[in-house]
Structure formats: C-alpha cells, structure tokens
Amino acid sequence: MIRKGILFIVSAPSGTGKTSLCSELLRAFPDLILSISSTTRPKREGEQEGKDYFFLTQEQFEKKIQKKEFAEWARVYGQRYGTSRKFIEDQVEHGNDLLFEIDTQGALALKSMYPNSVLVFIFPPSLDHLRLRLEHRGKNTSQELEERLKKAQEEIRQSEKYDYFVVNDVFEEALVKLKAIIVAERNRKERVKPPLTLTLSPHCGERGG
Ligand code: 5GP
C-alpha cells in the first residue's frame, strides 16, 4: 500500500521571498508537485497560464465556486484565488506530495480539511525589512504597499497556528531549513512502513567455505 501524499503549505507576507524559496524547493525535490491555483487577477508580465496560475474571469471563478470545485478559496488584495479539490484528492491518493503557496486563510482551511497537512510560515527578518523589500521591488503604489504591510501583520498573527517557522534572512539558510522540514515530515513514523521485521532470515550468519 502506498502512503498518501503530504500537503506542504507555505505562507508568507508578500515580499518575504516565498516564491523564490519554493522554486528552489521544487528544484531540490523533483517529485514534489506544485499546486497551481486559479485566480481572477490579471496576468503579470512573464506569467504563464497553467504554470503560474489558471487565470479565470469572475464568471468562470463563480461557476467553479457553485460547482464546489475549490477545496478552499479566498479574497486576497481584492482578487479571488482558489485551490482545486480534485487536483488535491487525485494527487494525495497517488501518494504524491504537494506544495502550496497560499495565504493564511487558505492554509488554515486546508489544514481543517486535511489535518495531516504541514503548515510552514516564512517570516521576513522584521517588518522594516519587509517594507524596504517591497519598496525596492517597486511593483506597488504607496497605497498597495500599506495594504500589504497591514495584511502582513494579520498573517503574522495567524502564524501561531502553523507547524513550522522559518525566517528568511539569509536565503540559503532558509532554504536548508525548508528542505529539512520536507525530509523530516516524509520520515515521520506514521508515514514510514517499519523498515525491518523482527525475524532473521534462516541462513543469516552461516559461515561460508
Ligand atoms: P499573487 O497575486 O501575488 O501571486 O498572490 C497574492 C496572494 O494570494 C499570495 O499571498 C498567495 O500566496 C495567495 N494565493 C495564491 N493562490 C492562492 C490560493 O489558491 N488560495 C489562497 N487562499 N491564497 C492564494
């Protein structure tokens, strides 16, 4: 019997470096599968349909909600984002481990549906650092920046419900910690078949010659 797939759910305030850390994780564990969310937000430059997101109209998204196709969905910065229920269930049944990059509302909703999920929260070194990173990235208006910092504080408040905390101060160190979490969780005793039996094989120990 194969073990069920594990849900690794990573959340972090915008600007913490979650996407870069997750892409490195996917490179390090080629058998880890990224869950692609659906969203109503417009595609950004360089993003690809089906690789970054499934980009849907409001009507298409609404239809999926009605048909209960999302395991969870949430409104983030005025746009809607959702995770496919069928995708999760198919992959978990096949024993495939999944990686999610979703916000705290989605993470906690998935945890209540799939209690064995592993929740990892990535922190910036400080809120001042986060502000500087967001300013440096230059993608947001000052109103959006304030909105992101406010959401960051809300998300940090939710983080106490997570299983692991990683601070992304030095990228390589944060990555080592994330990799360690994956390896450790894959080797929890509940997930590993006992590696040996207590009987010796009949010819064990016989001397040759
Ligand atoms: P962005 O638009 O910058 O790609 O993502 C904005 C926020 O939405 C991020 O915090 C991201 O993690 C979150 N997000 C992306 N996909 C999902 C999803 O399927 N569900 C939820 N709840 N949040 C998501």
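This is a predicted model: local features need pLDDT of at least 70, side-chain atom pairs count only at pLDDT 80 or more; totals for chains, interfaces and linings use all residues.
Residues are numbered from 1 along each chain as its sequence is written, and side-chain values use heavy atoms, with hydrogens and water left out.

**The chain as a whole**

The secondary structure of the protein chain comes to 7 helices and 9 strands; here helices (H or I, at least four residues) and strands (E, at least two) are DSSP runs, numbered from the N terminus. Along the principal axes, the C-alpha atoms fill a box of roughly 80 × 40 × 30 Å. Of the 209 residues in the chain, 40% count as buried, where buried means under 20% relative accessible area, exposed means over 50%, and partly exposed lies in between (1.4 Å probe, protein chains only). The protein chain exposes about 12900 Å², and carbon and sulfur atoms supply 53% of this area; such areas come from the Shrake-Rupley method with a 1.4 Å probe, and for residues only the protein chains shown count as cover. A contact means heavy atoms within 4.5 Å, and among contacts between residues at least 6 apart in sequence, 67% join residues at least 24 apart.

**The ligand site**

Of the 15 residues around the ligand, Lys18, Arg41, Tyr53, Glu72 and Tyr81 come nearest, a residue being near if one of its heavy atoms lies within 4 Å.

| Residue and atom | Distance to a ligand oxygen atom |
|---|---|
| Arg41, side-chain N or O atom | 2.6 Å |
| Tyr53, side-chain N or O atom | 2.5 Å |
| Gly82, polar backbone atom | 3.3 Å |

Taken alone the ligand exposes 510 Å², of which the protein buries 91%. The elements that give two or more residues to the shell around the ligand are strand 5 (70–76) and strand 6 (79–84).

Arg80 is found in strand 6 and counts as buried because its relative accessibility is 8%. Its side chain is joined to that of Gln58 by a polar contact of 3.0 Å.

Thr104 belongs to helix 4 (residues 104–113), and with 4% relative accessibility it counts as buried. Although Thr104 and Ala12 are 92 residues apart in sequence, their C-alpha atoms are 8.1 Å apart in space. Beyond four places in sequence, Thr104 touches Ser11, Phe121, Glu155, Gln158 and Tyr162.

Tyr114 lies in the loop between helix 4 and strand 8 (118–123), and its relative accessibility of 17% is why Tyr114 counts as buried. Tyr114 and Ile6 are 108 residues apart in sequence, yet 9.4 Å apart from C-alpha to C-alpha. Setting aside neighbours within four places in sequence, Tyr114 is in contact with Leu7, Ala71, Arg85, Ile88 and Glu89.

Technical notes: A polar contact is a pair of N or O atoms within 3.5 Å; within protein, one must be able to donate a hydrogen and the other to accept it, and residues adjacent in sequence count only if both atoms are side-chain atoms.
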